[in-house]
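Here is a friendly note to read with the model open beside you. Take the points one at a time and find each place on screen as you go.

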There are 2 protein chains.
Amino acid sequence: VDYRGSVVSTTIDQLETPQVLVDRERLIANLDRMQQIADSHRVRLRPHIKTHKSIDIAQLQLERGAVGVTASKAEEALVFIQSGKVPSVTVAYPLIDVMKIERLITDSQRHDVELRLVIDSDAGVTAAAAAAQRCGSRVRGFVEIDVGLHRCGVSEDDPRLLPLVTRIAAEPHLEFVGILSHAGHAYAAGERDELVQIATQECAILNRVRARIENSGVAVHEVSVGATPTALASETFDGLTEMRPGNYAFLDATAVRLGIARWENVALSIVATVVSANDHYWIVDAGSKVLSSDLGAHGTANTQSYGVAFTPVSANPLRIARLSEEHGWIERSGDANLRIGDRVRIVPNHACPVANLADQLVVVSGSNVVAHWPVTARGKVR
Amino acid sequence: VDYRGSVVSTTIDQLETPQVLVDRERLIANLDRMQQIADSHRVRLRPHIKTHKSIDIAQLQLERGAVGVTASKAEEALVFIQSGKVPSVTVAYPLIDVMKIERLITDSQRHDVELRLVIDSDAGVTAAAAAAQRCGSRVRGFVEIDVGLHRCGVSEDDPRLLPLVTRIAAEPHLEFVGILSHAGHAYAAGERDELVQIATQECAILNRVRARIENSGVAVHEVSVGATPTALASETFDGLTEMRPGNYAFLDATAVRLGIARWENVALSIVATVVSANDHYWIVDAGSKVLSSDLGAHGTANTQSYGVAFTPVSANPLRIARLSEEHGWIERSGDANLRIGDRVRIVPNHACPVANLADQLVVVSGSNVVAHWPVTARGKVR
């Protein structure tokens, strides 16, 4: 097992709280598992770095076979481009700001990184073409297809679809590379069977869109999907060339709820201390500034809990019923009792914003701290 | 009007988005207003810095008459102690970690800052006394009273109350300074009248507790309350010596909803750009990584919206119905239309986590950018 960072001889119990922990063995197992899924279905893996924002973890993903990374935010993509450690970066966001795109192209040229953009509007084509022209470059562009989340992308039956593809293909400074989707509505699924359906449907939509585009005379080199729930549940990868899951590196309470992970697969957790107690709640020192207030991804409220706490007093994890900025409110349950000073381990609903709120990840193996990894690309508000 | 930071000659329209803006004139008016309330009721103002985490804004508060600042997180308090610009700091959190307390005492001694701690348990007394003894210091401690939020603090009728006070008063390295409360349940109020009731009740509870403690022979020098809704709505400050509101500096959609502010009082907003559109939503480039997912404070869900967007196409602000990490989903309303590339101004539900998510605040006056203030104390997870 490969890991990086300064090795420090301390145990989790010696850490001040709250701290965001990453279990090294679980992380590695999660990375290996997804690479195996990609390999077995002969699709390339291009992990989304929004989950970890860590050059260290991206390197572990690349070493295992990832072909590059995906980012949503231009400023996060820049961090990975500038690292000199990533061969190819897809910015899976409908950028329309020429300055942002120009900066991405310039830095990609400088660091010899392949850059791929995502476009879902005429404004996006215009901006990408203008930026590429200014840089004297030719940039690869995907068209995003809306497969059910109804956020970004052009839906299958939208009359804008073919003209958009044709326009990109005709732009001398752009190269139409293929179609891309994000089945984020999978996070609202009630159970694993729904995930399989959503993945099957996504695959069918993309294959129909691909056929339509190719019938119009434009080649579709890439068909890229990306979401951890569908990546882990899917049985159909026919016609797909690439997947871009992100959350799979850590997983979280949402993944457990969706039936795609067990608690012992979750690599990210928070160690916190009980600092106060009353008749209804134990109060721990991890609040929304550590856990975020996410109830699920994309504003999906698939739970009434802000995460769960594993405690010495209960076999099952306890519900975090409320959050203040610096306080987690653990609901008392049964006769079990926690004492002030006791420590708990919290699994958040959504691991990605937790990493974004931390400046570093404390890497642990068993009860030992083995490294500190900076969250290199966090804090890029603009 | 006094302000600091490098002056830059640019307008809001020229900024890349998303950016967190602070309207200088509104900020100053909010700071002046709260100082006037404190002065008129003859209570001291000790603002909570969790809202802004900015040394620049703390200085504006101190210049107007604030006697010091309040922090919840030991690590944020340290930033203000180490700045050398704050005479007195209250850490309004039930610290039980001797190391954290020792660090606070040591740095307070070094920078000649008065330090006040908050205690609500025997573990808290033991930790504070041990740390103070190690530093050869005598530290002031409040006992926190639970006035209805049911988070931290000892309730009025709790048999632990008097023994806790007595124990602090008897510790040679501690000095019992008084009682402190946070009426955070006010954020769940439906209307302004409820805020008045909660403030009146808080005041009555604290005066009864003060009388009980003084009858037992221990002097109560300070009776400290702190929450923006009660500070702005309250009619009764009898017997109080200090208030510790924080959010009043910026205000937000929650303050408007509670009837303690109008939209034109809100000093913090986010400028964002429409990057995509579909039949149901306009998608802007400010998501939960800028706005947070807070529906209210303390996990209170007093709205179904993640903030509101002021747009050129609608007289009333539009609802942000969903959030992804990098996307705000503005619900389409009526026939009005936004175009890709249009800019919107978002007022978040809760300003405090927004400042925490940003590395800097862009200070504006009208449509001009006049300064950049670092969010000095952000990112202190532990």
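1. **What you are looking at.** This is a predicted model, in which local features need pLDDT of at least 70 and side-chain atom pairs count only at pLDDT 80 or more, while totals for chains, interfaces and linings use all residues. Residues are numbered from 1 along each chain as its sequence is written, chains are lettered from A and ligands numbered from 1 in the order in which they are written, and side-chain values use heavy atoms, with hydrogens and water left out.

2. **Confidence.** Chain A averages a pLDDT of 95, and 97% of its residues score at least 70 (pLDDT is the predictor's confidence in each residue, from 0 to 100). For the complex, the predictor gives an ipTM of 0.95 and a pTM of 0.96.

3. **Helix α1 of chain A.** Residues 24-40 form this helix of 17 residues, which reaches 24 Å from first C-alpha to last, close to the 24 Å expected at 1.5 Å a residue (the expected span is 1.5 Å times one less than the number of residues). Helices here are DSSP runs of H or I with at least four residues, and strands are runs of E with at least two, numbered from the N terminus.

4. **Its two ends.** At the start of α1(A), a side-chain oxygen of A:Asp23 comes within 3.2 Å of the backbone nitrogen of A:Glu25. Just after α1(A), A:Arg42 takes a positive phi of about 55°.

5. **Its buried side.** Which residues of α1(A) are buried? Among them are A:Leu27, A:Ile28, A:Leu31 and A:Met34 (buried means under 20% relative accessible area, exposed over 50%, partly exposed in between, with a 1.4 Å probe and protein chains only). An α-helix has 3.6 residues a turn, so residues three or four places apart point the same way.

6. **B:His52.** Look for B:His52 in the loop between β3 (44-45) and α2 (55-63) of chain B. B:His52 counts as buried because its relative accessibility is 0%. Its side chain reaches the backbone nitrogen of B:Ser54 at 2.9 Å.

7. **B:Thr273.** Strand β12 (residues 268-277) of chain B holds B:Thr273, which is buried with a relative accessible area of 8%. The side chains of B:Thr273 and B:Thr17 are joined by a polar contact of 2.7 Å (a pair of N or O atoms within 3.5 Å; within protein, one must be able to donate a hydrogen and the other to accept it, and residues adjacent in sequence count only if both atoms are side-chain atoms).

8. **B:Gly239.** In chain B, B:Gly239 lies in the loop between α8 (228-233) and β11 (242-243). At 26% relative accessibility, B:Gly239 counts as partly exposed.
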